[in-house]
Amino acid sequence: MKYDFSWPAFAVFAFFVSIVLGLSFYLGRKAKSAKGYYAAHGQIHWFVNGIAFAGDYLSAASFLGICGVIAFFGHDGFLYSIGYLAGWVVALFVVAEPLKRMGKFTFADALDSKFNSRGIKLTAAISTLIVSIFYLIPQMVGAGVLVKPLLGLPHIAGVVIVGVIVIVIVVTAGMVSTTWVQFIKGSLLVFFCAILVVMILNRGLVKETEVPQNQVVVKKDGAVTVDGKPQGHGPGEADIRPVGSVVSLPDPKQTSTGPLGPLEFIAAVQNSTIRTWSAKTAKQPDGSEVTAIKSAETKGADLLVRGSYFEKGLSPEYPRLDFISLMLALFCGTASLPHILIRYYTVKDGAAARKSTVAGIAAIGFFYVLTLFLGLGAMTSGAMDPTDNNMAAPLLAKSFGELPFAIISAIAFTTVLGTVSGLIIAASGAVVHDLMTNFGGMKLDDHGKVRAGKIAAVFVGIIAMFLGVAFERLNVTFLVGWAFNVAASANLPALIMLLFWKRTTKQGITASILVGLVSSLTMLLLSGPAFDKVYGLKAADAPVPFTQPGIITIPLAFLVLIVVSLLTQPKRVSPAVPAMAASV
Amino acid sequence: MGTMSESTRGRNSDAWAYNARVGLILFGVYCVFYGGFIYLSAFDREYTKTPSLGGVNVATLYGFALIIGAFILALLYMVLCRREVDDRPELSEAEVAEKAVEEEGAA
């Protein structure tokens, strides 16, 4: 769809960004030391940290991506919500408290607390960098997606705008400003999404008045035609029509349900017939790209169980395996994400770490319940762009008017800012604290560490901008699913075994991180979606037949750790010398 | 912050071990609950279509239950956990910042 510049959206966006930047400059004076820059002096209040967890975690993937997948595929998108939230159980019950005790600034600190091994420092830092960059990609793609309707600018402009703003936030005040940006963003996101859900329930479901026609979009030599006419909104031009409607309601005589309660709304969708949409693009011999936009009548009952996203979209060959693997990766991934783990160093003690996680679970859980209503609301809103499922949530808001659209789009933009800030802090911590100081042995004074962290943040931000352009065509939540697979394969086995298996050795940890990282990355980059959407090759030619490698690579990393640890056990010590494990 | 005394550290070790045990038990409970959802979604999709509370199907209600269940277990964990003792003197914000600079300098 072609989007026009929206002044109200721009005004709200500019207002939010001004507040965020003003806050960063104000807080900049509090982050002069390395501990202030990377861990906010460990003095953030647990409640603020809890909501900042939500602000950090509820990324563009959660907001834009999940709503998009639910809007086009139904319950399959909600599976992401369930998996993302379930991952917090691992973080709280298994990881939070010991991690807080063992670390200082970064995830590598905790892993290396027992061994003081250069191998662990190096591999944990590389893993942090790769996972953070993988997680940065969907955030930057989300920024590009948002800027199109918000400012009427191309994808690349959104990526650059977010990149520059986030670099400024991180460089000015590090973790202190990042925490407050995430706190504000988390609060706004949950609050306004709740209001949007109330509006959806109040509108209920409305039956379509006419059957929408299928459309054909042709892109050739930079020109775009829709149904044979140039794309645009002027005379003689045509644009892709907004879609998403109800073919028939539970009561066939009704044209509208009127306001519904939360469970009534879901039951009404379940008992209706919904017009769903797909857009398939094929390259033609003359070099043009033809996209066929087609509708189908789908029973609501079929949309509200696991279904077509896995069978027709994600992995036609192994839908069940992909589903199980994705749910495993989401469950294990949260507690392995470096930018989430470093938030545990910003609070005072273990009790504050626990309490902030519970506050985070409350806010995040509530938001994920809302995503089902947002997605189903978008599915039946008549406002979706059939060629871009990432736009479902902002366009849903647009169906209620220009102001809700302006607010939701601006919040979504702030969402990207909050998450990207956290990711860049994590990545710059890995570069300076883990790689330069701990692994490389560089002698940096406190100000030197902060200065190096700021320079690293600029470089990571620039890399993120490049990747945000390269991966433009993939759904953002799908990309985050990849980041979870990598994090869960590389980091979780090492962390869990270090905590609960006394025979774990430094060689075992190093090997496990390396194998988890390399195996998951290799499988992802050789999968169908990477072939199709990133390299422009045929998905069928991809050597890896399924898209979610976690089910293989997570157990593999555990196995490698166990085998290598058993092979590298230290020689028996005299009984007078206590085992090192017992002291941890 | 200063350093914890040895006796405090010993008491805290007991609390940490107890908290870890409670965490693992609750984690196990949630794993069974989560595993049940994955099993039903993967291998008995027809059953998940069954309407239940308020006419909403099992798949959706189970999903909501997993989200709400995580929060309830988290609250339970917070109640059951033993609090660690911290006998280090409480510092003001300025002192914390000053201390951090000192620590970094020493490192």
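Reader: Which residues are linked in a network of salt bridges?

Author: Side chains of opposite charge can pair when their charged atoms come close. A salt bridge is defined as a side-chain nitrogen of Lys or Arg within 4 Å of a carboxyl oxygen of Asp or Glu. In this structure, Glu208(A), Arg275(A) and Glu297(A) make up such a network. This is a predicted model, in which local features need pLDDT of at least 70, side-chain atom pairs count only at pLDDT 80 or more, and totals for chains, interfaces and linings use all residues. Residues are numbered from 1 along each chain as its sequence is written, chains are lettered from A and ligands numbered from 1 in the order in which they are written, and side-chain values use heavy atoms, with hydrogens and water left out.

Reader: Where do Glu297(A) and Arg275(A) lie?

Author: Helices (H or I, at least four residues) and strands (E, at least two) are DSSP runs, numbered from the N terminus. Between Glu297(A) and Arg275(A), the closest N and O atoms are 3.5 Å apart. The pair links distant parts of the chain, with Glu297(A) in strand S6 of chain A and Arg275(A) in strand S5 of chain A, 22 residues apart.

Reader: Is Arg275(A) buried or exposed?

Author: Buried means under 20% relative accessible area, exposed over 50%, and partly exposed in between (1.4 Å probe, protein chains only). Arg275(A) is buried because its relative accessible area is 4%, whereas Glu297(A) counts as exposed at 53%.

Reader: Which salt bridge does Asp302(A) form?

Author: Asp302(A) pairs with Lys49(B), with 2.7 Å between the closest N and O atoms. Asp302(A) lies in helix H10 (residues 300-303) of chain A and Lys49(B) in the loop between helix H2 (45-48) and helix H3 (58-80) of chain B, so the pair joins two chains. Asp302(A) is partly exposed, with a relative accessible area of 35%, and Lys49(B) is partly exposed at 24%.

Reader: How many helices and strands has chain B?

Author: Chain B has 4 helices and 0 strands. Of its 107 residues, 36% are buried.

Reader: What is the mean pLDDT of chain A?

Author: The term pLDDT denotes the predictor's confidence in each residue, from 0 to 100. For chain A the mean is 82, and 92% of its residues reach 70 or more.
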